[in-house]
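Hello,

Here is the structure I said I would pass on. My notes on it follow below.

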Amino acid sequence: MDIIIKRIKKLKGTVIDGLLSSWRQKIRRGTHTIRFAMLATYICVTLVTLVLMCVYIISTLSENLYSDRTTRLFAKANIISMTAANVWDSEDENVMYLRFQDIMERSLAGTSIRGVVTNTSYTVLYDNNSEADMAGRVFMRDVLKRAIDGEQAESMFESDSGKTITVSVPVERNGVIIGGVYLAENVSSISDTVDSIQASLIVFSALIILIVAMLSIGISYIITQPMADFIEVAHAISKGDFSKRAAVKGTSEMAQMGRALNYMCDELNALDEKRKNFVSDVSHELKTPMAGIKLLCDSLIEAEDPGMDTIREFLGDMSEEIDRLTRLINRLLTLSRLDAGADNLNLSNVDITMLVGAVIRSLKQFASEKNIAVDLDIKMGTERELAADYDKMYESVYNIVDNAIKYTEENGEVHIRNYRENGMCIIEVEDSGPGIPDDEKHRVFDRFYRLDDSRARDTGGTGLGLAISKEAVQLHGGTIEVLDAPKGGSIFRISVPYAAAELPSKTAQAGSEG
């Protein structure tokens, strides 16, 4: 039984420790959030403001109340002083005492103010406090001494009955000080009033802090809730889920951030789709020649005593498939190098006329086989030198001209024009082919896209030539577009800046692609 009790206590302690540890972790995480920071900031600012306000109100109120009471005492003391001076020379002390009594009763009626009149020797001539009647005795007070010396003095002191204000003024006759008037009043009621107001201010401040805390919680939730949504979307993105979107309302900075995050999701989703499609296309393109080679090998193996002519025919077909596979791999490597960005550009002064001429010479045999005339028209005064990477620009122009020849029927024409326009080097390649439908023009530069898939395979196309051309032109800070030719066919228009200073940096290029 004892063992069971011990185990229960141990288990209970473990559970309690676990709960405490969990709560400590939650509190620690909670105090490191923006919501807590905003709440703490609002409360601290409000608390400091209220404390300063309360201190100012209490100090100002106390000062004004005490100052008002002191002013009123001085007014009464001066009235008593002037009136007493007129009856000072009475020969009979009893008569003078009665006169002072009458003055005090009229001046201090309805108050609890103590009034004392003394001569310059501090001997009391009249005291209205019957309990501590100082008449005929010496009454020494600091404020009274200062009054006899010619000042209007005041002081305040604490006693068992509370705070007391005392004032004293001289009694003058014919410019000579003949005595002094001393008044004292208990002002504990002022202290009670100040304490009551202070207590009310504390309660009011507590209510204000409570309201501010509640508003702060609501405001911090409104401000930070979108951030929680953003974090959730970011976590989803980190796991490869690009379908998540942040809820966006209004035009605030948070809304702009949400739109930027959603835009990033869209771009990442599009990039992911392109990657998937690219992998699928590459797999398909690689699979086709490999399947052809496999089929030829199997056919050759299964053939019984094939002749040399048959072997040569099979090997020729295998060589064509290998050449096709090699072209595809080379194009993929070219795209990979272009994806590395503008930092891989080997810039030099390129004679664009000679570059286009070299492209025409390289494709002369191909054009001759289809009896296609290729001509170059250079506008008078066109600047020839261009700051460019020769190999990449050559590849770009080559692919465009090669594509034009492929899709131009026999006995057709390909016109190449070079001129300067708005500081840009323009190269136009016009063919007399069938043209490109308007709804397909924006897709012709996509990787592995073929307008006519069967025809492209017959001509050995990989669907990467125009994509390579576009990448190369964009690396040089230029653009490429496809237009309709006036007499049918298409015009591919390349625009590239002459100056190397106009080239985009790798960072800028990456930003524009995103």
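Helix 10 is mostly covered, with twelve of its 17 residues buried. Please keep in mind that this is a predicted model.

The buried residues of helix 10 are K392, M393, Y394, S396, V397, N399, I400, V401, D402, A404, I405 and K406. The helix itself covers residues 390–406. From its first C-alpha to its last it reaches 24 Å, close to the 24 Å expected at 1.5 Å a residue.

What does helix 10 lie across? It lies across strand 7, strand 9, strand 10 (424–431), strand 11 and strand 12 (490–497). Relative to strand 12, helix 10 runs at about 170 degrees.

An open sheet is formed by five strands in the order 7-9-10-12-11, and the pairing is mixed. Its edge strands are strand 7 (373–378) and strand 11 (479–484), each of which pairs on one side only. On average, neighbouring strands of this sheet are turned by 15 degrees against each other, with direction ignored.

How do strand 7 and strand 9 run, parallel or antiparallel? They run parallel, and six bridges join strand 7 to strand 9 (residues 413–421). If you want a place to look, D375 stands opposite H415 in strand 9.

**Helix 8**

Helix 8 (residues 352–362) is also mostly covered: eight of its eleven residues are buried. The buried residues are I352, T353, L355, V356, G357, A358, V359 and I360. Helix 8 has an N-terminal cap as well, namely D351, with a side-chain oxygen 3.0 Å from the backbone nitrogen of T353.

**The protein overall**

The secondary structure comes to 13 helices and twelve strands. Of the 514 residues in the protein, 37% are buried. The protein exposes about 30400 Å², and carbon and sulfur atoms supply 56% of that area. Among contacts with a separation of 6 or more, 65% are between residues 24 or more positions apart.

Regards

Definitions and conventions
Residues numbered from 1 in each chain as written. Predicted model: local features only at pLDDT ≥ 70, side-chain atom pairs only at ≥ 80, totals over all residues. Heavy atoms only, no water. Helix = DSSP H or I, 4+ residues; strand = E, 2+ residues; numbered from the N terminus. Expected span 1.5 Å × (residues − 1). Buried < 20%, exposed > 50% of the residue type's maximum accessible area, 1.4 Å probe, protein only. Pairing = 2+ DSSP bridges. Axes fitted to C-alpha atoms, helices over the stretch in contact; angles between N-to-C directions. Contact = heavy atoms within 4.5 Å. Areas by Shrake-Rupley, 256 points an atom, 1.4 Å probe, with all protein chains shown as cover. Polar contact = N/O pair within 3.5 Å; in protein donor to acceptor, adjacent residues only side chain to side chain.
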